[in-house]
Amino acid sequence: MLAYVKQKIKKSDKIGYLMSLPYLVSFALFVAFPLGFSFILIFHKWNVITPMRWVGLKNFYRLFHDVEFFRAIYNTVVFLIIHIPLQIVFALVIAVLLNQKIKLRGFFRAVFFMPVIVSGVVITILWQQLYAYETGVLNLILTQLGLPKIPWINDPSWAMPSIAIMATWKNVGLYIVLFLVGLQNIPKYLYESAELDGATAWQKFWYITVPSLNSTMVLVVILSTIGGFSLFIEPFVMTGGGPMNSTLSAMLYIYNQAFYFGHMGYAATLGFFFAFIIFIVVLIQKRVVERK
Amino acid sequence: MKRFYLYLVLTVAGITFIYPFLWMIAASLKPEIEIGSLGLWSKNFSLESYRLVVQKIPIWRALFNSLFVSSCVTVSVIFFGSIVGYALSRLNFWGRNLILGVILFTMVIPFQITLIPMYILMVKFSWVDTYLSLIVPGMITAFSILLFRQFFLDIPQDLIDAARIDGCNDLTILFRIIWPISKPVIITVGIITFMTSWNDVLWPLIVIRNEKLMTMPQLVTIFAVGGQAEAQLGAMLAAATLLAIPIILVYAFFQRYFIESMATSGLKG
Amino acid sequence: MKFKIFLILPIIAWLLLTACSKGQQGKAEAKPRRGLTYWCASNPQEYKLAKELVKAWNQRHPEIPVKLQTLPASQSSEEVLLAAIAGKTTPDICSNMWPGAMDEFIAAGGLLRLDTFPDFRSYVTERVMEDQLKTFQAKDGGYYQLPWKTNPIMVFYNKKIFRKAGVQPPLVTYSQFLSAAQKIVQDFDGDGQIDHWMLYRDIKPIWWQRLFDYYPFYICASGGRTLFEADSIVFNNQASVKVFRFFQTMYRRGYMPVTQFQGDQFLAERLATQISGPWLVAHIQKFAPADFEYGIMPIPKPDDYQGAVYTYGDPKNISIFNNTKHPRAAWQFAKWLISRHADQRLLEICDQIPMRKNLLSDSSFIAYFKAKPQMKMFALQAPFTRGVDGVADLKEIFNIISQEYEASVIYGRRPPEEAIERAAKRVKVIREWNR
């Protein structure tokens with residue numbers, strides 16, 4: 001076996017190893033080590049400053065009894081349930097509209113894409129003002145239309161949907177572009193033959209366009225899910241996780257445990273567990289959406 | 001008629017996307033009392049809010065930090081990413097596919113799991129509160145290697161063989177022959193890396209506490225959350241505007257590249 | 001040849017990086033070979049005071065010069081100090097010690113026990129009342145902090161709004177406060193909008209917000225108790241319930257808005273009262289409109305409460321670190337920082353209240369209080385202040401109380417009794433976990 005490997009290596013372009021070295025170093029330092037270390041951390045209590053203490057499975061015990069942990073998962077689910085459909089519907093509608101023969105397509109595309117490139121911090125500070133109860137632009141518009149004000153981010157049942165709407169506004173541009181790419185890849189003859197069969201516009205959309213965009217849908221769902229579990233700066237700036245923990249996100253909770261309360265071991269356990277959940281959820285989504 | 005509705009819908013949608021930005025810029029120029037209005041115009045435009053921001057936080061320093069960090073990261077990612085991408089696409093050596101497998105594997109690891117150990121690593125290296133903690137962990141990305149590799153695979157072998165006959169070694173082949181014909185992928189990697197680095201705020205929040213070393217998004221976040229704005233709305237919006245402007249300016253000139261880069265990275269990632 | 005370039009490039013990049021980042025850090029670590037290092041808070045007033053006191057000391061003690069450095073402004077003092085203890089880069093003395101973090105510092109083994117100095121007790125009791133001093137005692141019975149200054153939390157009120165509504169200050173009890181609120185929270189100009197609120201508190205559930213509502217009110221209602229006694233929970237009592245019920249009523253009746261205000265609404269004269277410390281006096285002088293009129297009164301107390309009105313004092317103390325090479329000199333310098341002269345300058349420069357008996361009758365301070373009569377209220381209150389408990393995980397404990405406060409008080413989801421009981425239970429569980 002060893003001889004075989006030696007033989008192989010002898011025949012190899014040896015500079016290949018050297019050229020791969022930077023990656024291997026970075027992998028060892030910033031992926032392999034943290035992964036391994038997180039495995040050690042989850043069995044310890046540590047605030048970085050005083051010595052580490054072995055606590056066995058206590059971190060896991062705590063996790064399964066931690067109402068805030070479950071709240072964070074619940075919040076993420078709420079976020080995703082609102083965010084994903086909203087994202088898909090809006091992106092799809094706009095993409096289909098942009099896919100017509102229209103003037104200024106590039107301009108519109110650029111406009112919808114703008115929030116994608118701007119920092120989440122800016123978007124959040126901006127929307128915090130739009131959402132403000134007393135003086136916010138959105139409530140101002142509502143009152144001028146004779147509608148009651150909405151406590152966008154001050155009410156436990158509104159806060160997470162509000163953040164989901166904001167996140168949709170921020171990200172939808174990317175998905176419009178992805179859907180546009182998908183739309184342009186649909187062969188024309190499919191539509192032409194459907195027209196010959198007398199299909200309506202709606203039928204064409206539902207039976208040709210939507211199925212052809214399946215892989216893009218998978219992508220949107222998966223990227224949004226990962227985004228949902230990584231949600232941090234929006235609640236951090238806008239609500240601090242409130243009201244009543246309704247916007248406490250997974251990442252915000254890890255951050256608080258680690259850097260507010262100094263529980264590195266527990267935070268690592270949380271991270272470990274959330275990563276595990278993301279993995280499972282994405283796998284399931286892939287299965288489900290692909291089958292459809 | 002149908003056309004009309006089409007444009008109407010698009011215009012309304014367009015306004016919902018662009019109006020908030022215009023409102024923000026206008027509000028940052030208005031005096032405090034007028035901010036709560038819908039309109040974009042005011043007779044009393046002034047730079048007062050900006051003066052406050054500049055006075056209260058080292059925003060120019062933060063701009064420099066962000067530019068410096070993002071540039072270092074971007075240059076390094078292009079440099080190392082193309083080297084590794086070259087090795088993995090154009091060289092034959094035992095273990096190549098293993099490395100490729102490892103790279104693909106790292107792409108599916110959620111960052112939540114490595115975040116805390118990474119912070120501890122920075123503490124142990126004494127990199128907390130230095131540029132190193134912002135730059136070094138981002139110097140190579142799996143994603144850039146894959147993009148480069150993908151692109152380099154399609155380069156005809158003849159080109160490389162010809163160069164080798166001329167006596168070029170692998171590095172000169174990469175930088176002299178391959179780089180000049182790889183502009184699209186270099187631009188894509190550059191834009192994505194720069195944007196990700198520029199907009200990142202969680203990692204700086206964790207490893208940088210010294211105000212002088214903070215990146216711009218981090219400083220603005222702390223300004224908005226930490227009460228330094230003393231609840232001055234105009235100042236908060238001015239800080240946000242300052243943070244948005246550089247990237248919007250770049251975007252205005254290269255928006256086609258931005259959109260195409262993000263689309264390819266989305267599709268391939 | 002090609003290999004060399006390969007190795008050299010990253011190394012050059014590395015060196016460049018290290019070079020440009022090294023310039024930024026490490027100022028605080030340079031220790032003078034002889035003498036003492038002293039860290040003070042970074043705000044301009046306290047820095048000015050420290051500079052002056054250090055200069056005076058250095059003139060008189062050239063053999064042990066003191067080097068002054070500020071704590072970094074951007075992060076919490078506790079974090080900096082903990083890191084310094086771990087890295088053995090502590091100063092000799094620090095004057096920004098928050099009692100809530102003492103437990104961690106002591107556990108990390110960083111502090112010098114001050115009552116080992118023979119004149120500790122006599123020097124300190126001359127200055128501070130016995131019962132107040134006791135609140136700074138550590139679990140092991142020792143003293144690791146020298147009581148320095150306090151910022152009593154009190155109620156500021158807008159005189160014009162009070163007059164307009166026909167409310168006569170001071171508002172001593174909860175029911176007086178509530179009935180005043182009823183008169184104040186009205187639509188006076190008839191535009192369909194409430195003109196001003198009685199009080200506003202940030203509704204974000206951030207733990208330290210409770211230091212400005214629940215906690216001072218609790219200290220008052222309980223007659224000067226804190227959350228813990230002998231390291232066990234005592235806050236699950238009637239006093240807490242009364243405070244929760246009071247604030248719950250304030251929110252339920254709409255006297256306090258459930259919203260996030262932007263801008264300083266007290267200075268904008270949209271709030272009748274504001275709970276704050278002495279620093280607000282200077283803030284008002286700097287930023288308030290010229291015709292702004294305000295008064296200061298103690299925290300209101302429950303209707304059935306008899307006795308002195310206590311409040312939270314946000315104390316900051318002085319500690320000596322145990323890796324100092326000159327403990328005696330450090331102790332002498334610490335005493336200088338709390339001397340009568342230093343206290344006078346603390347008042348004059350920082351407008352903060354030294355923890356010292358008889359402030360108003362002491363001849364050193366008469367001129368100051370004559371010039372700033374508003375500060376008298378704080379001086380009177382200062383002996384009746386309490387700090388926070390020096391127990392582990394205090395932030396987390398306040399965080400739990402904050403969450404229960406939010407649920408019960410702001411959103412009225414559960415009765416005060418239940419919220420307090422839940423808080424106590426959750427605190428117990430957390431402490432059990434963290435042990």
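Reader: What's the strand order in the open sheet of chain C?
Author: This is a predicted model, and in it three strands of chain C line up as β8-β5-β9, with antiparallel pairing.

Reader: Which ones are the edge strands?
Author: That would be β8 (273-276) and β9 (294-297) of chain C, each pairing on one side only.

Reader: And how are neighbouring strands turned against each other?
Author: By 25 degrees on average, ignoring direction.

Reader: How many bridges between β5 and β9 of chain C?
Author: Four bridges, in the antiparallel sense, with β5(C) covering residues 154-158. One pair to look up: Val155(C) has Met297(C) in β9(C) as its bridge partner.

Reader: Switching to the contact between chains. How many residues does each of C and A put in?
Author: Chain C gives 33 residues and chain A gives 32 residues. About 2,800 Å² is buried between the two chains, and carbon and sulfur atoms account for 56% of that area.

Reader: How many salt bridges between C and A?
Author: Two salt bridges. In one of them, Arg62(A) meets Glu396(C) through their side chains, at 3.2 Å from N to O.

Reader: Which element gives the most on the C side?
Author: α16(C), with six residues on the side that touches chain A. The elements giving two or more residues there are α1 (2-22), α3 (77-86), α16 (394-410) and α17 (416-434) of chain C.

Reader: What's the split into nonpolar, polar and charged on that side?
Author: The residues of chain C that touch chain A come out as 17 nonpolar, six polar and ten charged. Between the two chains, 13 residue pairs are in polar contact, both residues at pLDDT 80 or more.

Conventions. Residues numbered from 1 in each chain as written. Chains lettered and ligands numbered in written order. Predicted model: local features only at pLDDT ≥ 70, side-chain atom pairs only at ≥ 80, totals over all residues. Heavy atoms only, no water. Pairing = 2+ DSSP bridges. Axes fitted to C-alpha atoms, helices over the stretch in contact; angles between N-to-C directions. Contact = heavy atoms within 4.5 Å. Buried area = accessible area lost by both parts, 1.4 Å probe. Salt bridge = Lys/Arg side-chain N within 4 Å of Asp/Glu carboxyl O. Polar contact = N/O pair within 3.5 Å; in protein donor to acceptor, adjacent residues only side chain to side chain. Nonpolar A, V, L, I, M, F, W, Y, C, P; charged D, E, K, R; others polar.
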